[in-house]
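Hello,

Here is the structure I promised to pass on. Please open it alongside this note; my findings follow below.

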Amino acid sequence: MRRKIVAGNWKMNGSKDLVNSLVGQIRSELASLDNGVETVIIPPALYVGDVLSQAGAALTVGIQNVSCWDSGAYTGEISAVMARDAGCSVALVGHSERRQLFGETDEQVAVKVGKALASGLDAVICVGETLEEREAGKAEEVVSAQIRKAVADVSNGQWSQVVVAYEPVWAIGTGKTATADDAQAMHAAIRGVLKELGAPAEEITLLYGGSVKADNAAALFGQPDIDGGLIGGASLKAEDFVGICRAMP
Ligand code: PEP
């Protein structure tokens, strides 16, 4: 039985006021939900402690990025060990905004996956093709290569900490969502790659991300290989985020 996860990536949005208004509301609205979904809040790192203090046992908290290093003279960086120490359970790794805006490479993504797993965090490894790559018929090839590189050093005992989020770049923050069929096809392909690599593919949670909203989540989550969602914009409003959590079958 795979874990079902809905994770809200706040990106560089939020404030103490937002934490105070949003987290408590999400927490209380989800209290009666019994569909087994694990709900994760991933705020800007400065607010991890504030979110944790409001989250209670029902919500887990994550970090949006970790450093390639554990400690030392790397101004501005935050290590996976520190994120774990601060109470995070999850790290996003290789989000397309990090890859595209900050030049993060597949090699760095692999190092960060290693750091996250070694520190005890679950790594949500983000992969996805650009519109150009999709239109050129290369979507599966691109995503498959990203996964192979990202998990190259994952050891047998670490697979239970690995989650993969398929986020087509053209669907992030654009209002365009992959159809449930297209998303399912890619998720099945991803599971196939993980299987080829010797991972316990049937046990690995695969999330879809890219303009997920309360009104399209049920169709996506109803697909056999889609185990939840990574949510950007819609994670900043309690009603939208809770609606997505409720859409999990
Ligand atoms: C994301 O940032 O991971 C994301 C999926 O964003 P949005 O839901 O806004 O498309």
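**Helix H10 and its neighbours**

The buried residues of helix H10 pack against strand S1 (4–9), H1, S2, H9 and strand S8 (228–231). Helices (H or I, at least four residues) and strands (E, at least two) are DSSP runs, numbered from the N terminus. H10 covers residues 238–246, and its buried residues are Phe 241, Val 242, Ile 244 and Cys 245. They cover an arc of only 155 degrees around the axis, so they sit on the same side of H10. The arc is that of the directions from the helix axis to the C-beta atoms.

A word on the basis. This is a predicted model: local features need pLDDT of at least 70, side-chain atom pairs count only at pLDDT 80 or more, and totals for chains, interfaces and linings use all residues. Residues are numbered from 1 along each chain as its sequence is written.

"Buried" means that 20 or more other C-beta atoms lie within 10 Å of a residue's own; "exposed" means 12 or fewer, and "partly exposed" is in between, with C-beta atoms placed from the backbone. "Contact" means that two C-beta atoms, placed from the backbone, lie within 7 Å.

**Ala 217**

Ala 217 is in helix H9 (residues 217–221). Ala 217 counts as buried because it has 25 C-beta neighbours inside 10 Å. Leaving aside neighbours within four places in sequence, Ala 217 is in contact with Val 212, Gly 229, Ile 244 and Ala 247. From Ala 217 to Cys 245 is 28 residues in sequence and 8.5 Å in space, C-alpha to C-alpha.

**Helix H2**

In helix H2 (residues 48–55), Val 48, Val 51, Leu 52 and Ala 55 are buried. Seen down the axis of H2, they fall within an arc of 100 degrees, so they line one face of the helix. They pack against helix H1 (16–30), strand S2 (37–42) and strand S3 (59–63). Just after H2, Gly 56 takes a positive phi of about 65 degrees.

**Active site, from the record**

Which residues does UniProt place under "active site"? The unreviewed entry gives His 95 and Glu 167. They span 73 residues in sequence, yet no two of their C-alpha atoms are more than 8.5 Å apart, so they gather at one spot. UniProt positions are given in the numbering used here, feature names are shortened, and annotations may be inferred rather than shown by experiment.

His 95 lies in the loop between strand S4 (90–93) and helix H4 (96–101). Glu 167 lies in the loop between strand S6 (162–166) and helix H8 (180–196). His 95 is buried, with 28 C-beta neighbours inside 10 Å. Glu 167 is buried, with 28 C-beta neighbours inside 10 Å. Not counting residues up to four places away in sequence, His 95 is in contact with Gln 64 and Cys 126. On that basis, the contacts of Glu 167 include Cys 126, Ile 172 and Leu 230.

For "binding site", the unreviewed UniProt entry lists Asn 9, Trp 10, Lys 11, Gly 173, Ser 211, Gly 232 and Gly 233. They are spread over 225 residues of sequence but cluster in space, with a largest C-alpha distance of 13.9 Å. Lys 11 is in the loop between S1 and H1. Lys 11 is partly exposed, with 18 other C-beta atoms within 10 Å. Gly 233 is in the loop between S8 and H10. Gly 233 is buried, with 20 other C-beta atoms within 10 Å.

Best wishes
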